[in-house]
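The tour below goes from one selection to the next.

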Amino acid sequence: MREWRHDCLKSYRHGSTGVEMEALVAASVAALTVYDMCKALDKGIEIREIVLERKSGGKSGDYVRPRRKS
């Protein structure tokens with residue numbers, strides 16, 4: 001199985017909230033674009049684990065996703 005990782009960074013400094021949602025949507029669209037380009041090779045492609053790794057600022061403050069134990 002081949003894996004592909006895409007990191008999406010969204011930065012906004014003037015009081016906007018919900019910026020992490022924009023980053024998650026951007027990462028999802030990027031993954032769907034790769035799927036669309038590769039589906040002729042393998043229709044069994046899976047898109048998994050679109051997650052928020054970290055954020056800072058905003059109404060809810062800072063967040064860092066806990067590391068999963070292997």
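Predicted model: local features only at pLDDT ≥ 70, side-chain atom pairs only at ≥ 80, totals over all residues.

Beyond its neighbours within four places in sequence, Lys-55 is in contact with Glu-20, Ser-60, Gly-61, Asp-62 and Tyr-63. Lys-55 itself lies in strand S1, which covers residues 54–55.

Where does the side chain of Lys-55 reach? Pick Gly-61: its backbone oxygen is 2.8 Å from that side chain.

Next, the salt bridges. The model has 3 by this rule.

Select Glu-53 and Arg-65, whose side chains form a salt bridge at 3.7 Å, N to O. This pair links distant parts of the chain, 12 residues apart: Glu-53 is in the loop between helix H1 (19–38) and S1, and Arg-65 is in the segment after strand S2 (63–64). Glu-53 is partly exposed, at 25% relative accessibility, and Arg-65 is partly exposed too, at 23%.

Move to Asp-36 and Lys-39. Their side chains meet in a salt bridge at 2.8 Å, N to O. Asp-36 has a relative accessibility of 45% and counts as partly exposed; Lys-39, at 35%, is also partly exposed.

Finish at Glu-46 and Arg-48, where the N to O distance of the salt bridge is 3.4 Å. Is Glu-46 buried or exposed? Glu-46 is exposed, with a relative accessible area of 54%, while Arg-48, at 48%, counts as partly exposed.

Definitions and conventions. Residues numbered from 1 in each chain as written. Heavy atoms only, no water. Helix = DSSP H or I, 4+ residues; strand = E, 2+ residues; numbered from the N terminus. Polar contact = N/O pair within 3.5 Å; in protein donor to acceptor, adjacent residues only side chain to side chain. Contact = heavy atoms within 4.5 Å. Salt bridge = Lys/Arg side-chain N within 4 Å of Asp/Glu carboxyl O. Buried < 20%, exposed > 50% of the residue type's maximum accessible area, 1.4 Å probe, protein only.
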